Amino acid sequence: MEAEDPTTPGRSAAAARQVADILGPFLGLIVVVALFGAVAPEGFLSVFNAKTIATQTVIVGLAAIGATFIIRSGGIDLSVGSAIALASVVTALAMKAGLGEVPSALLGVLAGAAVGAVNGGLVTLLKLPPFIVTLGTLGAARGAAKWLADEQKVDAPSGGLKPFMSKNPDLSGLPGFIRENLPDWLVLAPGVWLMGLAALAAAFLLRRTVFGTWTTAIGSNEPTARLCGVPVERTKFAIYVFAGAMAGLAGVLQFGRLTVGDPTTAMGKELDVIAAVVIGGASLSGGTGTILGAMIGAFLMATLANGCNLSGVPNFVQEILVGAIIVSAVTLDGFRSRQRAS
């Protein structure tokens with residue numbers, strides 16, 4: 001008689017937990033949609049509102065892509081909102097100077113990457129805790145944005161950046177037969193498709209490359225990763241620069257959405273980003289987290305804000321709900337960690 005594999009129950013339990021981690025964010029999103037669908041069915045359950053929610057997801061979604069790498073590596077980034085504001089101001093100033101859309105967008109992304117480089121440098125070179133470092137750069141980057149903007153909004157021509165966040169994009173450049181047969185629900189803002197492409201590329205980077213493997217190894221057990229030859233400091237620095245660049249890209253699209261460079265924009269957005277990543281199944285202790293989960297979490301946060309606005313829920317209630325969601329997600333994360341340990 002063939003002996004039973006003693007590892008089978010453990011593998012089955014691990015597989016079940018993995019499936020639960022994937023389905024959990026989906027279930028949460030379904031509950032939120034069902035709740036607001038029952039409260040405000042006419043306004044909430046419409047194609048136009050779904051497109052609105054998708055557009056509203058872009059800023060948090062792009063920033064959450066970078067934050068997934070940081071949290072999976074065992075770090076944290078509280079400077080996301082300030083990096084978005086700085087990138088929007090830099091983009092606006094570049095557009096105002098007549099540099100054009102592409103150079104201006106690149107400068108905005110570089111501004112975000114610079115914030116990430118400062119974060120990564122302080123974390124790796126000075127061995128400072130990421131929480132303290134990014135708390136400091138949260139204020140420093142916001143202050144730099146206000147200084148560059150002279151403490152006021154920067155009015156600038158948005159040019160070709162504005163259509164990226166338009167819920168009714170211009171389809172005149174497409175062939176006639178495509179325009180005539182394109183379903184309305186597929187006519188999304190270009191920024192939504194850009195977020196989707198960035199998410200696919202990031203998922204490949206995280207799951208199929210050495211860089212992604214190193215990111216997971218550092219978050220799972222940094223001393224062991226170091227002993228295995230993982231270049232910990234170099235990888236951490238690259239992770240923070242990448243996350244900063246994604247926040248910079250979000251800032252560029254925020255400028256396209258607002259058509260001004262606003263140094264006060266995205267205040268508190270770091271909470272939405274962290275909540276999106278944690279809701280998506282990432283552990284604040286590191287080692288876990290997926291791009292798909294982060295995208296679902298970002299969509300859930302946008303759906304929550306949209307549903308509250310349509311239902312007439314006051315803003316302070318929305319903020320309380322976000323705080324409650326973060327605490328609940330962290331509590332669930334602790335429960336999952338204890339289960340994995342047992």
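Is lysine 236 buried or exposed? With a relative accessible area of 17%, lysine 236 counts as buried (under 20% relative accessible area; exposed is over 50%, and partly exposed is in between, with a 1.4 Å probe and protein chains only). Lysine 236 sits in helix H11, residues 232-258 (helices are DSSP runs of H or I with at least four residues, numbered from the N terminus). Leaving aside residues up to four places away in sequence, lysine 236 touches Val123, Thr124, Ile218 and Glu222, where contact means heavy atoms within 4.5 Å.

All this comes from a predicted model, in which local features need pLDDT of at least 70, side-chain atom pairs count only at pLDDT 80 or more, and totals for chains, interfaces and linings use all residues. Residues are numbered from 1 along each chain as its sequence is written, and side-chain values use heavy atoms, with hydrogens and water left out.

The mean pLDDT of the protein is 87, and 87% of its residues reach 70 or more (pLDDT is the predictor's confidence in each residue, from 0 to 100). Among the elements, H4 has the highest mean, 97, while helix H7 (residues 176-181) has the lowest, 56.

Helix H4 itself covers residues 80-96 and reaches 24 Å from its first C-alpha to its last, close to the 24 Å expected (1.5 Å times one less than its number of residues). Of its 17 residues, 15 are buried, so H4 is largely enclosed by the rest of the structure. After H4 comes glycine 98, with a positive phi near 85 degrees.

Terms used. Helices (H or I, at least four residues) and strands (E, at least two) are DSSP runs, numbered from the N terminus.
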